[in-house]
Amino acid sequence: MLVWSKEEFRELYDAYVDMIYRICFLYLKNESDAKDGVQDIFMKIWEKQPVFDNENHKKAWLIQTTKNHCIDILKSSWWSKRTELEDWQEPMTEVEPTENPLLEYVMKMPQKYREVIYLYYYEEYSVREMSGILKRNESTIQSQLSAGREKLKRILELEGRDFLYG
């Protein structure tokens, strides 16, 4: 039994497609895999037709589901056996362009820092909320956020970028 109309699903898609794409790209690190991930997530949503308590529940569910989906892909035997494009041609040094140039530098960071920086600054989650989403202690989140800021600051300094850093 379908709970959502096509119009409601379209509204959900329009509201969250960019966020889900960014999260997929955060984990999978290339455009085509991120787009496939977005398609998989929205297919899952359409099939499951989850009911959300409120907007915060919906957003947290989408983030957690997207994260878990990407981690499953990264753990899959298919992923470990595939040949990277870099094996066939010159390695690409540029990260996928985004509407926010600072996000390009966040994408270059190790995953544990990318996650917390992204969720904190781009999705505006508190440390407590991230603790629930990522299933980590608040103190761990705070440490990773602090270390991530320092790593990002060093990356920007090495690159000679003059972003306002707070």
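Q: How many aromatic pairs does the structure hold?
A: This is a predicted model, in which local features need pLDDT of at least 70, side-chain atom pairs count only at pLDDT 80 or more, and totals for chains, interfaces and linings use all residues. Residues are numbered from 1 along each chain as its sequence is written, and side-chain values use heavy atoms, without hydrogens and water. Rings of Phe, Tyr and Trp (its six-membered ring) pair if their centres lie within 6.5 Å; planes under 30 degrees apart are stacked, over 60 edge-to-face and the rest tilted. The number of aromatic pairs in the structure is 7.

Q: Of what kind is the pair of Phe9 and Trp46: stacked, tilted or edge-to-face?
A: The ring centres of Phe9 and Trp46 are 5.0 Å apart. Their planes stand at 75°, so the pair is edge-to-face.

Q: Which helices hold Phe9 and Trp46?
A: Helices are DSSP runs (H or I, at least four residues; strands are E, at least two), numbered from the N terminus. The pair ties together parts that are 37 residues apart in sequence, because Phe9 lies in helix α1 and Trp46 in helix α2.

Q: Is Phe9 buried or exposed?
A: Buried means under 20% relative accessible area, exposed over 50%, and partly exposed in between (1.4 Å probe, protein chains only). The relative accessibility of Phe9 is 17%, so Phe9 counts as buried.

Q: Which residues of α8 meet α7?
A: Contact means heavy atoms within 4.5 Å. From α7, the residues involved are Val127, Arg128, Met130, Ser131 and Leu134. Their partners in α8 are Glu138, Ile141, Gln142 and Leu145.

Q: Is α7 roughly parallel or roughly perpendicular to α8?
A: Axes are lines fitted to C-alpha atoms, for helices over the stretch in contact, and angles run from 0 to 180 degrees between N-to-C directions. Angles under 35 degrees count as roughly parallel, over 145 as roughly antiparallel, 65 to 115 as roughly perpendicular and the rest as oblique. The axes of α7 and α8 come within 9 Å and cross at roughly 110°. That makes α7 and α8 roughly perpendicular.

Q: Where does Lys135 lie?
A: Lys135 is not a glycine, yet has a positive phi of about 60°. With 66% relative accessibility, Lys135 counts as exposed. Its place is the loop between α7 and α8.

Q: Where does Lys29 lie?
A: Lys29 also has a positive phi, of about 65°, although it is not a glycine. Lys29 is exposed, at 51% relative accessible area. Lys29 is in the loop between α1 and α2.
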